[in-house]
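Thanks for coming, everyone. Let's take a quick walk through one model, strand by strand and helix by helix.

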Amino acid sequence: MVIAVIPARGGSKRVPRKNLRPLAGFPLIDWTIAAALGSRFNRIIVTSDAPEILGRAKIRGIKTLKRPAYLAADNVPDLSVVRHAIYTLALRPEDLIVYLRPTAPFRRPEEINAVVALLRDHPEASSVRSVIPAPCHPRKCFVDAGWDRLGYRALLPYTPNHAANGPSQGLEPVFMPVGFIDVVRAEWISRGSMEGSLIAAWEAPADRCCDLDTEADFARAEALALARGWRPGEIGA
């Protein structure tokens with residue numbers, strides 16, 4: 001079976017009630033629910049600690065899962081949330097779990113179906129991650145050395161094969177995960193991984209990728225949705 005898991009906590013330190021926050025006139029959670037309902041799923045599950053979010057899902061006929069408080073903190077990893085859903089609902093190892101974060105609202109149902117088909121058609125792959133070309137190569141980056149006594153921030157190369165002063169054209173391609181549409185086989189979740197051993201890449205549309213985590217993120221997404229006339233379930237060109 002193909003199972004959609006939509007994680008939607010009730011609170012957020014940076015943006016209060018983020019998943020219920022209006023985006024172009026509609027609660028943020030509604031954008032992902034609409035995309036999921038337009039896709040080919042055997043089951044759609046909204047996992048949340050917030051009664052209002054669970055209520056909105058139930059109205060649309062979606063299965064809900066009440067998340068315990070210890071899984072609703074800001075620092076809880078995705079793996080813990082999905083494992084809770086798998087064990088509580090007794091999902092099977094062969095099921096495909098499609099993880100749809102509400103903070104990436106501008107998906108199209110046909111894109112979700114395409115990502116699922118990619119994993120289904122390639123049984124050797126453990127998961128599919130949505131990615132875009134990384135805007136900055138890690139070999140050109142530095143890390144804080146943590147030497148606080150110097151009175152200034154000291155830097156060290158982020159990678160052993162540092163290339164900050166070399167041409168970008170000679171570096172290998174690297175990709176940044178965007179959390180747009182991710183699919184993983186349930187057996188790997190049970191084994192403690194959101195990705196598994198062989199990850200297939202699906203290049204997401206960079207112009208519609210966003211991670212709504214701050215007020216500035218919401219402002220940019222709002223402007224984009226209004227400019228293009230987007231509504232939940234109606235993401236055009």
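This is a predicted model: local features need pLDDT of at least 70, side-chain atom pairs count only at pLDDT 80 or more; totals for chains, interfaces and linings use all residues.

**Strands, helices and a surface patch**

Strand E1, residues 2-7, pairs with E4 in the parallel sense, over 5 bridges. On to the next neighbor. E4 is also joined to strand E5, residues 63-66, by 4 bridges, and these two run parallel. Within that pairing, Val 46 stands opposite Thr 64 in E5.

What do E4, helix H2 and E5 make together? They make a right-handed β-α-β unit, with H2 covering residues 51-59.

Now, how many of the 6 residues of E4 are buried? The count is 5, so this strand, residues 43-48, is largely enclosed by the rest of the structure.

Next, strand E11, residues 182-185. Both of its faces are covered. Asp 182 and Val 184 are buried on one side. Val 183 and Arg 185 are buried on the other. So which strands pair with E11? One is E6, residues 96-99, antiparallel to E11 over 4 bridges. Another is E7, residues 127-133, also antiparallel, joined to E11 by 2 bridges. Look at Val 184 in particular.

Let's turn to the helices.

Helix H1 spans residues 28-37. In H1, 9 of the 10 residues are buried, so this helix is largely enclosed by the rest of the structure. The buried set is Leu 28, Ile 29, Asp 30, Trp 31, Thr 32, Ile 33, Ala 34, Ala 35 and Ala 36. Note that Asp 30 is in that list.

Helix H3 covers residues 78-88. Its buried residues are Leu 79, Val 81, Val 82, His 84, Ala 85 and Ile 86. What do they pack against? They pack against E1, E4, E5, E6 and helix H5, residues 186-190. Just after H3 comes Ala 90, with a positive phi of about 55°.

Helix H4, residues 109-121, holds Glu 111. Is Glu 111 buried or exposed? Its relative accessibility is 10%, so Glu 111 counts as buried; the cut-off is under 20%. Leaving aside residues up to four places away in sequence, Glu 111 touches Phe 180, Ile 181, Trp 202, Pro 205 and Arg 208.

Follow the chain out of H4. His 122 lies in the loop between H4 and E7. With a relative accessible area of 36%, His 122 is partly exposed. Where is Ala 200 relative to His 122? The two are 78 residues apart in sequence, but 8.9 Å apart in space, C-alpha to C-alpha.

Last stop, the surface. Which residues form the nonpolar patch? They are Val 143, Trp 147, Leu 150, Tyr 152, Leu 156 and Tyr 158. Together they have about 620 Å² of accessible area. One of them, Val 143, is found in strand E8, residues 142-144. Val 143 has 35% relative accessibility, so this residue counts as partly exposed.

To recap. E4 has 5 of its 6 residues buried. E11 is covered on both faces. And the nonpolar patch, with Val 143 as one of its members, is on the surface. That's the tour.

Technical notes: Residues are numbered from 1 along each chain as its sequence is written. Side-chain values use heavy atoms; hydrogens and water are left out. Buried means under 20% relative accessible area, exposed over 50%, partly exposed in between (1.4 Å probe, protein chains only). Two strands pair if DSSP finds at least two bridges between them. A crossover is right-handed if, with the strands pointing away from the viewer, the path from the first strand over the helix to the second runs clockwise. Contact means heavy atoms within 4.5 Å. Patches are made of residues with over 30% relative accessible area and no salt bridge: like charges are joined within 9 Å, nonpolar side chains (Val, Leu, Ile, Met, Phe, Trp, Tyr) within 5 Å. Accessible areas come from the Shrake-Rupley method with a 1.4 Å probe; for residues, only the protein chains shown count as cover. A salt bridge is a side-chain nitrogen of Lys or Arg within 4 Å of a carboxyl oxygen of Asp or Glu.
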